[in-house]
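Student: I have this one open on my screen. Walk me through how its side chains pack.

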Amino acid sequence: MLKSVSSSKIAVIGLGYVGLPLAAAFAKKYSVIGFDINQKRIDELRTGLDRTLELDESELLSVTRTDKRETGLFCTNEIEELSSCNVFIVTVPTPTDKNNRPDLTPLYKASETVGKALKKGDVVIYESTVYPGVTEEECVPVLEKISGLTYNVDFFAGYSPERINPGDKEHTVTKILKITSGSTPKIAEYVDQLYKSIIIAGTHMASSIKVAEAAKVIENSQRDINIAFVNELSKIFSRMNIDTHEVLEAAGTKWNFLKFKPGLVGGHCIGVDPYYLAQKAQELGYHPEIILAGRRLNDDMGAYVAQEVIKLMIKKDIQIKNAKVLVLGFTFKENCPDVRNTKVIDVINELNSYNTQVTVYDPWAKPEEVLHEYNVETTNDLAQLNQSEYDAIILTVGHEKFKDLDLSVLKCKNCVIYDVKGFLNKELVDSRL
């Protein structure tokens, strides 16, 4: 028997950048179990520490509970705690492998976890970004196998794609309009009402789960293609000695011009999601030319930036081998600690191929995480930078904290300064993307 929305007891599976803010939002009105397999993550959350910095200590502790109150968030890594829940929201990552093929392993594992706690009348909602069909063709069979229950008879499913923007304190989870869907009309209404109870910006109920899945995957594919277009323009205008940012500023005076800027396209969404759509298209016998062309162009931008810097150094007669290069920024975007799928690593790898000595400074990225994930040493300590004069400085991420940097004390007399983001004063740089 399907419970009323008001009596829902919710489990959020995966407490990362997406799951934790969502769980905290629901916890203000509902009893919420936050589940994550990482014991260290659970221990930290219970003390009010969120390493993603999506929630500060006071926000987290205000909704966290250690007892059995009706509302609040209880964090755990014990599957047994999920048995009291009737709504399960899966927010695990959906990465690609080294060949850019979708890796559904986290989704399969999460579905197995939910399957062990699934009961008659329960609803499982997926938020992870996928290609159309994954929820019902890949995840539901796992739920049925593990639980022994029958889909749309004993339990139901929904899909409501995440729209979290890491580091954005203005467009938080409840302030972004939410797409919802369900496996039957009744469940679609239930899922919509559940989200509508916490989403201030409102909801949009899609006609089916597949429509909701498709809507999510094309959001980021569209952005990826538009950024690829301006990245290609940047390459063309560079050969013409025209400043791309000035061209875009001029073109942007037209009311319907889309204002995208060139840059490194990383992160867990824009740099990954197009491959999910492309994979499904290829399975159906269609080769997606524009989507994959955009991906190839954006994936090559890190190496391109490094090569442009090397060319500028050669023009200034700077010896490349053992040259000291300072890279400002390592996270995939500004003002957040998220280093997932950062394309700054491509800049660094290309520079290393020229035997330069690269120093990476990022006030947000955690050095231990970067070292573990990328085998690259970074620093948060600005004082360490003042011990050297650099032959080249590359700003790769537009952190607000970089506005206070005095580049004059960091650069050598003949230094090349390259601005990927158009962040620095134009008069200070040799070139910008």
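Tutor: One term first: buried means under 20% relative accessible area, exposed over 50%, and partly exposed in between (1.4 Å probe, protein chains only). This is a predicted model, where local features need pLDDT of at least 70 and side-chain atom pairs pLDDT 80 or more, while totals for chains, interfaces and linings use all residues. Numbering runs from 1 along each chain as its sequence is written, and side-chain values use heavy atoms, without hydrogens and water.

Student: Tyrosine 151 and phenylalanine 155: buried or exposed?

Tutor: Tyrosine 151 and phenylalanine 155 are both buried.

Student: How many aromatic pairs are there in the whole structure?

Tutor: The search finds 6. Rings of Phe, Tyr and Trp (its six-membered ring) pair if their centres lie within 6.5 Å; planes under 30 degrees apart are stacked, over 60 edge-to-face, the rest tilted. Tyrosine 151 and phenylalanine 155 make a tilted pair, with 5.8 Å centre to centre and 45 degrees between the planes.

Student: What about tyrosine 361 and phenylalanine 402?

Tutor: Tyrosine 361 and phenylalanine 402 are also an aromatic pair, tilted, at 5.9 Å centre to centre and 45 degrees between the planes. Tyrosine 361 sits in strand β10 (residues 357–361) and phenylalanine 402 in the loop between β11 (390–395) and β12 (411–419), so the pair ties together parts that are 41 residues apart in sequence. Helices (H or I, at least four residues) and strands (E, at least two) are DSSP runs, numbered from the N terminus.

Student: Why do tyrosine 361 and phenylalanine 402 count as buried?

Tutor: Tyrosine 361 counts as buried because its relative accessibility is 8%. Phenylalanine 402 is buried because its value is 2%.

Student: Which residues form an aromatic cluster?

Tutor: Phe26, Tyr30 and Tyr195 form one.

Student: Switching to the nonpolar cores. Which residues touch the most other members in the largest one?

Tutor: Phe88, Val90 and Leu107 do, in a core of 36 residues. The elements that each supply at least two residues of this core include β1 (9–13), β2 (31–35), β4 (87–90) and α4 (105–117). A separate second core has 35 residues, among them Ala25, Tyr30, Val32 and Leu55. A nonpolar core here is a set of buried Ala, Val, Leu, Ile, Met, Phe, Trp, Tyr and Cys residues joined through side-chain atoms within 4.5 Å.

Student: Now charges. How many salt bridges does the search find?

Tutor: There are 20 in the whole structure, each a side-chain nitrogen of Lys or Arg within 4 Å of a carboxyl oxygen of Asp or Glu. Lysine 280 and glutamate 137 form one of them, at 3.7 Å from N to O.

Student: Where do lysine 280 and glutamate 137 lie?

Tutor: Lysine 280 is in helix α9 (residues 273–283) and glutamate 137 in helix α5, 143 residues apart, so the pair links distant parts of the chain. Lysine 280 counts as buried at 17% relative accessibility, and glutamate 137 as partly exposed at 41%.

Student: And arginine 295 with aspartate 299, what distance there?

Tutor: Their salt bridge is 2.7 Å, N to O. Arginine 295 and aspartate 299 are 4 residues apart in helix α10 (residues 289–299), so about one helical turn separates them. Both arginine 295 and aspartate 299 are buried. Elsewhere, salt bridges that share partners join Glu137, Lys210, Lys280 and Glu283 into one network.

Student: What about aspartate 192?

Tutor: Aspartate 192 pairs with lysine 196, with the closest N and O atoms 3.3 Å apart. Aspartate 192 is buried at 4% relative accessibility, whereas lysine 196 is partly exposed at 40%.
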